[in-house]
Amino acid sequence: MITPNQVIDAVNEVFGRHAGLRALHACGVLLEGTFTATPEGRALTRARHMEGDPVRVTARVSNGSGDPASPDYAPDVRGLALKIYLPDGTKTDIVAQTAPRFPVRTPEGFVEFVRASEPGLGQLVKLPRFLLRNPRAVPGLPANLAALRPPASYATLRYYAIHSYRWTDAEGGSRSVRYRLVPEAGVEAVSPREAKRRGRAYLRDEIVERVGRGPVRFTLEVQIAAAGDPVDDPTFPWRDDRETVAAGTVELTGVDTTREGDGDVLVFDPTRVVDGIELSDDPILRYRRDAYSASIERRSGLKRAGP
């Protein structure tokens, strides 16, 4: 199997290596706020942050590119990551993106996809070759390509946490679920021309201005898998006919200036779970912690994922 360092090497080959920055999602804005679970969400898991009282959140909105010079108007996947602080001092993370389906099921396939997606004329040959070798990626193309359109704001995007998790309730009942974050402001895109007119950092500037005016809210929706759904496959599509529960509200209230300063390393790790939530056997999900650790060591010198 390909090593985590080889994965990061491949990403750096495409986007460059930028000291102190993430290999992907290099540009972003940190925000602060709260998460409050609904009674319907509480019924699904015994996790402490789902008890119904507001808990503190650190969020990061970002562009997917590993190149910090990439402008906000460039076609790109956008990200929303959450670090939720539980009452007992532990933490759990949600990592979501605007592309609803992951293109591959293995780390090797991901490296092939990254190399095939490198901007330039070579993409005209590499990407069709990738699709021929990975036909499972083809059905997800329409939705994933639509996610590359420039948005009006980070606050007007729907974000998908592409992996499944196992939620266990207070009585021991379990079900497999996936998350998505739905914006209170609605989904809104702009034309490429309009996005370019707004400037290279228009998304970052806009979200700072927006939270200065008032809270930005997302609903955490939990989709419950039906019998037979392949819960270990991130290429599996979201199905409109599956039961979906509004499990809580994320309310972002301002820019977070307390993190990522003076050597502080902030890590959003989708494998960081707590009692009441378990990882699925998705090989991409299971691999991400080691890949993140390799990236963290490269950008900060730390040997393991930070808090």
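How many cavities of 30 Å³ or more does the structure hold? There are two. Keep in mind that this is a predicted model.

- Let's start with the largest cavity, which has about 100 Å³ of space in it.
- Its lining is made up of S164, R178, Q223, I224, A225, D229, P230, V231, F236, P237, R239 and R242.
- Sort the lining of the largest cavity by type and you get six nonpolar residues, two polar ones and four charged ones.
- The second largest cavity comes in at about 80 Å³.
- Around the second largest cavity sit H49, T92, D93, I94, Y165, W167, Y179, L220, V273 and I277.
- Seven of the residues lining the second largest cavity are nonpolar, two are polar and one is charged.
- Two strands, β4 (91-97) and β5 (159-168), each put at least two residues into the lining of the second largest cavity.
- Which strand gives the most to that lining? That's β4, with three residues.

- The lining of the second largest pocket splits into 10 nonpolar residues, one polar and three charged.

**Strand β1 and its partners**

- Strand β1 (residues 28-37) runs antiparallel to strand β2 (residues 55-63), and eight bridges join the two.
- To find your way along that pairing, look for F35, whose bridge partner in β2 is V55.
- β1 also pairs with strand β8 (residues 244-255), again antiparallel, this time through seven bridges.
- On the β8 side, a handy landmark is L31, which stands opposite V255.

**Helix α1**

- Helix α1 covers residues 4-15, 12 residues in total.
- From first C-alpha to last, α1 reaches 17 Å, close to the 16 Å expected at 1.5 Å a residue.
- Which residues of α1 are buried? They are V7, I8, A10, V11, N12 and V14.
- As a reminder, an α-helix has 3.6 residues a turn, so residues three or four places apart point the same way.
- What do the buried residues of α1 pack against? Their partners are two other helices, α3 (107-116) and α8 (283-300).

**Positive phi without a glycine**

- H25 isn't a glycine, yet its phi is positive, at about 55 degrees.
- You'll find H25 in the loop between α1 and β1.
- H25 is partly exposed, and its relative accessible area is 23%.
- E260 isn't a glycine either, and its phi is positive too, at about 60 degrees.
- Look for E260 in the loop between β8 and β9 (277-279).
- With a relative accessible area of 34%, E260 is partly exposed.

Methods:
Residues numbered from 1 in each chain as written. Predicted model: local features only at pLDDT ≥ 70, side-chain atom pairs only at ≥ 80, totals over all residues. Heavy atoms only, no water. Nonpolar A, V, L, I, M, F, W, Y, C, P; charged D, E, K, R; others polar. 1 Å grid on protein atoms, 1.4 Å probe; cavity = no way out; pocket = protein on both sides within 12 Å on 5 of 7 lines; lining within 4 Å. Points joined across faces, edges and corners; volume = space filled by probe spheres on them. Helix = DSSP H or I, 4+ residues; strand = E, 2+ residues; numbered from the N terminus. Pairing = 2+ DSSP bridges. Expected span 1.5 Å × (residues − 1). Buried < 20%, exposed > 50% of the residue type's maximum accessible area, 1.4 Å probe, protein only. Contact = heavy atoms within 4.5 Å.
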